[in-house]
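Here is a short briefing on one protein chain. Keep the sequence and the 3D view open as you read.

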Amino acid sequence: MREPGLLKPAVLWLLLLAPLFFSTYGFATWVTSQRSDVGTLVFGWETHMPFWAWTIVPYWSIDLLYGFSLLLPNTRHELKQHALRLLSAQVIAVSCFLIWPLRFTFERPELDGVFGWLFAVLAGFDKPFNQAPSLHIALLVILWVMYQRHTQGFWRWLVHGWFALIGISVLTTYQHHFIDLPTGALAGWICVWLWPVEHPSPLLSARLTRDPTRWRLGVRYGLGAVLLAIPAFVLGGAWLWLLWPAVSLALIKANYFVLGAAGFQKRTDGQLTPAARWLYAPYLAAAWINSRLWTRKHPQPDLIVDNVWLGRIPTTSEQAPFTAIVDLCAELPINPQGHAYQSVPVLDLIAPTPAECLQAAQAIERLRASGPVLVCCALGYSRSATAVGAWLLHTGRAATVESALAIICTARTDVVLHPAHREALEGLPHAR
């Protein structure tokens with residue numbers, strides 16, 4: 001259902017964003033044009049890029065799509081988040097234009113007719129300085145997310161096709177070099193991640209942790225990000241792709257330092273938001289491979305007691321024996337395939353809090369009534385084992401923390417529980 005009275009705030013947002021767009025973009029262009037040290041970043045293969053004059057039409061169309069996108073949201077919250085994404089993209093892109101300006105180097109052929117007029121109008125405003133990250137591509141990502149959210153069937157396929165054409169047009173109109181595209185997409189996804197619709201913004205839950213374990217792990221991920229960024233900037237070329245995993249690890253570092261598990265934006269259906277999937281993709285691939293390698297000798301879950309099983313995060317085929325899943329893994333997505341599902345996301349290598357233990361214990365007991373329950377995390381060794389221990393204590397199946405851990409370790413011998421996990425269990429009501 002669409003909330004009433006959305007037209008006025010949509011128009012007000014447009015009246016704010018449109019002048020801001022033209023003024024800040026023009027200001028960055030003017031500042032850069034005064035500099036004598038503006039460089040270029042062009043790959044050799046780009047000289048073979050064709051020039052298609054007709055693609056100026058999809059290129060220009062993003063301006064109309066920008067304005068109409070503010071009419072699509074069904075709620076004030078969705079409208080605000082979308083507008084903040086557009087505003088954030090402007091801030092990020094213009095800041096980069098001022099800090100690290102680049103120049104477009106290809107000459108366009110002379111044109112006449114309608115296409116020539118459209119290029120002439122564009123040249124009157126858009127000088128060849130504001131390059132990486134491409135604001136056009138950053139806005140394209142944000143608008144694409146909004147339009148596909150509000151279309152179905154044929155219209156959604158049309159949206160995908162047209163937006164893909166807009167993405168190609170930034171190259172075929174000789175507006176951008178290739179480096180501008182992935183950097184623009186990165187900027188766009190960061191904006192979508194910062195202002196999600198389904199979750200609170202990760203900025204709202206930001207708290208500097210006091211946990212020394214989270215600090216230690218955050219420092220490791222930060223060092224990994226630096227080690228990947230150095231060859232990207234020093235060697236250039238194809239090494240620039242290392243900036244993607246570098247940004248991914250930098251965001252993981254932020255999760256451990258300030259954002260917590262909410263930074264992964266795991267939804268109630270077990271999936272990560274599209275923005276999180278794109279931004280964390282290199283890390284997610286490595287984390288999935290790591291979970292399979294560590295559990296390759298013992299991939300199957302283990303029965304603890306009374307139809308409660310403990311194991312690694314399952315593939316689709318591994319879910320068949322269960323009617324419900326309780327998931328303690330924050331970083332890896334899961335498709336529950338119609339199973340009853342409860343997510344209690346906890347950072348990797350971090351013990352759940354007593355409150356999270358209680359939430360998981362209650363979910364296990366509730367879902368157990370319908371059949372076998374799988375309690376899982378990436379490996380099924382620590383976070384999920386702690387949740388099962390909390391369930392044993394919460395339901396009286398174990399009288400003490402030691403007896404709960406003994407039950408778990410007997411059933412699944414590879415379980416790894418540190419003092420922090422025991423402390424979490426000891427913090428439960430009635431736990432001893």
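The notes below cover a sheet, a pair of helices and some record entries. The model is predicted. Five strands form an open sheet. Elsewhere, helix α5 and helix α6 come within 10 Å of each other, axis to axis.

**The sheet**
- The strand order is β1-β2-β5-β3-β4, and the pairing is mixed.
- β1 (302-305) and β4 (340-346) are the edge strands. Each has a single partner strand, so one side of each has no neighbour in the sheet.
- On average, neighbouring strands are turned by 25 degrees against each other, direction ignored.
- Strand β3 (residues 324-329) pairs with strand β5 (residues 373-377) in the parallel sense, over four bridges.
- Within this pairing, Val-326 stands opposite Val-375 in β5.

**The helix pair**
- Helix α5 covers residues 135-149, and helix α6 covers residues 153-172.
- Their axes cross at roughly 180 degrees. Angles over 145 degrees count as roughly antiparallel, so α5 is roughly antiparallel to α6.
- Residues of α5 in the contact include Ile-137, Leu-140, Leu-143 and Trp-144. On the α6 side, Val-159, Phe-163, Ile-166 and Val-170 are among them.
- The contact residues divide into ten nonpolar, four polar and two charged.

**Transmembrane entries**
- An unreviewed UniProt entry lists residues 52-72, 84-102, 129-147, 154-172, 178-197 and 218-240 as "transmembrane region".
- In the model, residues 154-172 are 100% helix and 0% strand. The end C-alpha atoms of this span lie 26 Å apart.
- Residues 218-240 are 78% helix and 0% strand, with end C-alpha atoms 23 Å apart.

Key: Residues numbered from 1 in each chain as written. Predicted model: local features only at pLDDT ≥ 70, side-chain atom pairs only at ≥ 80, totals over all residues. Heavy atoms only, no water. Pairing = 2+ DSSP bridges. Helix = DSSP H or I, 4+ residues; strand = E, 2+ residues; numbered from the N terminus. Axes fitted to C-alpha atoms, helices over the stretch in contact; angles between N-to-C directions. Parallel < 35°, antiparallel > 145°, perpendicular 65-115°, else oblique. Contact = heavy atoms within 4.5 Å. Nonpolar A, V, L, I, M, F, W, Y, C, P; charged D, E, K, R; others polar. UniProt positions renumbered as here; feature names shortened; annotations may be inferred.
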